[in-house]
Amino acid sequence: MKINNFVEWTEELSVGIQEIDEQHKILVELLNRLYESIILRTDDEEATRILTELSQYTIVHFAVEESLMRILGYDEYEDHKKHHEELTRQVFELANKVKAGKLSSSMELLNFLKNWLTKHILIEDKRYTAHFLECGVKKSWSEQSWVGRIWGAVHHPTH
C-alpha cells in the first residue's frame, strides 16, 4: 500500500543551489520513509533504523553546509552552526528516546521533525543563498548530488 508523502518537496523549499537542494530532498525522503513506516505500522525496529539514518544524514548535511560557510566566509556562520548543533542535539535526543522506548514513534515526533526541517530550510538556509552565489557557487549542473551518491552507496548499495 502506497500512502501520500508527509512532506512534499516544492520550489518554495529550494535554496536555489542544486547541491544543497538535492541534500534537502534526501532529508525529505527520509522523513517520508519514517512517516510511511509509522503509518503502515511496520516494526519499531524499521522506524528506529530510519530515524537513525535521518540523524546520521543530518550530521553529514550540516557538515557540508558549515564547510561551505567557512570556505566562503559567510558572516552568519557561527549563528548558523549553533542552530545546527541545537537541531542535531534535539534529533539525537528524540532518536535515543525512541530507542529506549520512552517516546513512541508517533505523529508528535513526525510533526517535530517536519517543522524543524521546513523552518530551518525556509528561514535559516535561505539566508546564505545570495552569499554563496556571489562567491561563485554554481546554481546547477546535470549530475546527481555528490553527497547523495556517497550516501546512497553507503546506505543503499547495489550489488
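This is a predicted model: local features need pLDDT of at least 70, side-chain atom pairs count only at pLDDT 80 or more; totals for chains, interfaces and linings use all residues.
User: What makes up the secondary structure of the chain?
Analyst: The chain has 6 helices and 0 strands, and from the N terminus the elements run α-α-α-α-α-α.

User: Why is α1 called roughly antiparallel to α4?
Analyst: α1 (18–39) and α4 (residues 107–124) pack at an angle of about 170°, and their axes are 11 Å apart. Angles over 145 degrees count as roughly antiparallel, so α1 is roughly antiparallel to α4. Their crossing is left-handed.

User: Why does F6 count as buried?
Analyst: F6 has a relative accessibility of 11%. Buried means under 20%, so F6 counts as buried. F6 is in the segment before α1, and its C-alpha is 8.1 Å from that of E36, a residue 30 positions away in sequence. Over the chain of 159 residues, buried residues make up 43%.

User: Why is L40 called partly exposed?
Analyst: The relative accessibility of L40 is 32%. L40 lies in the loop between α1 and α2 (44–71). Together with I39 and M107, L40 makes a nonpolar surface patch of about 210 Å².

User: How do you know that E76 and R127 form a salt bridge?
Analyst: Their closest N and O atoms are 3.9 Å apart. The cut-off is within 4 Å, so the pair of E76 and R127 counts as a salt bridge. The pair links distant parts of the chain, 51 residues apart: E76 is in the loop between α2 and α3 (77–99), and R127 in the loop between α4 and α5 (129–134). E76, at 36% relative accessibility, is partly exposed, and R127, at 44%, is partly exposed as well.

User: What makes K81 and E85 a salt bridge, and where do they lie?
Analyst: The N to O distance between K81 and E85 is 2.6 Å. A salt bridge needs a distance within 4 Å, so K81 and E85 qualify. Both lie in helix α3, 4 residues apart, about one turn of the helix.

User: Why are E93 and R89 separated by about one helical turn?
Analyst: Because E93 and R89 are 4 residues apart in helix α3, about one helical turn separates them. Their side chains meet in a salt bridge at 2.8 Å, N to O.

User: How many salt bridges does the whole structure hold, and which residues are linked in a network?
Analyst: A search of the whole structure finds 9 salt bridges. E45, E46 and R49 are linked in a network.

Notes: Residues are numbered from 1 along each chain as its sequence is written. Side-chain values use heavy atoms; hydrogens and water are left out. Patches are made of residues with over 30% relative accessible area and no salt bridge: like charges are joined within 9 Å, nonpolar side chains (Val, Leu, Ile, Met, Phe, Trp, Tyr) within 5 Å. Accessible areas come from the Shrake-Rupley method with a 1.4 Å probe; for residues, only the protein chains shown count as cover. Helices (H or I, at least four residues) and strands (E, at least two) are DSSP runs, numbered from the N terminus. Buried means under 20% relative accessible area, exposed over 50%, partly exposed in between (1.4 Å probe, protein chains only). Axes are lines fitted to C-alpha atoms, for helices over the stretch in contact, and angles run from 0 to 180 degrees between N-to-C directions. Angles under 35 degrees count as roughly parallel, over 145 as roughly antiparallel, 65 to 115 as roughly perpendicular and the rest as oblique. A crossing is left-handed if the near helix is turned anticlockwise from the far one by less than a right angle, and right-handed if clockwise.
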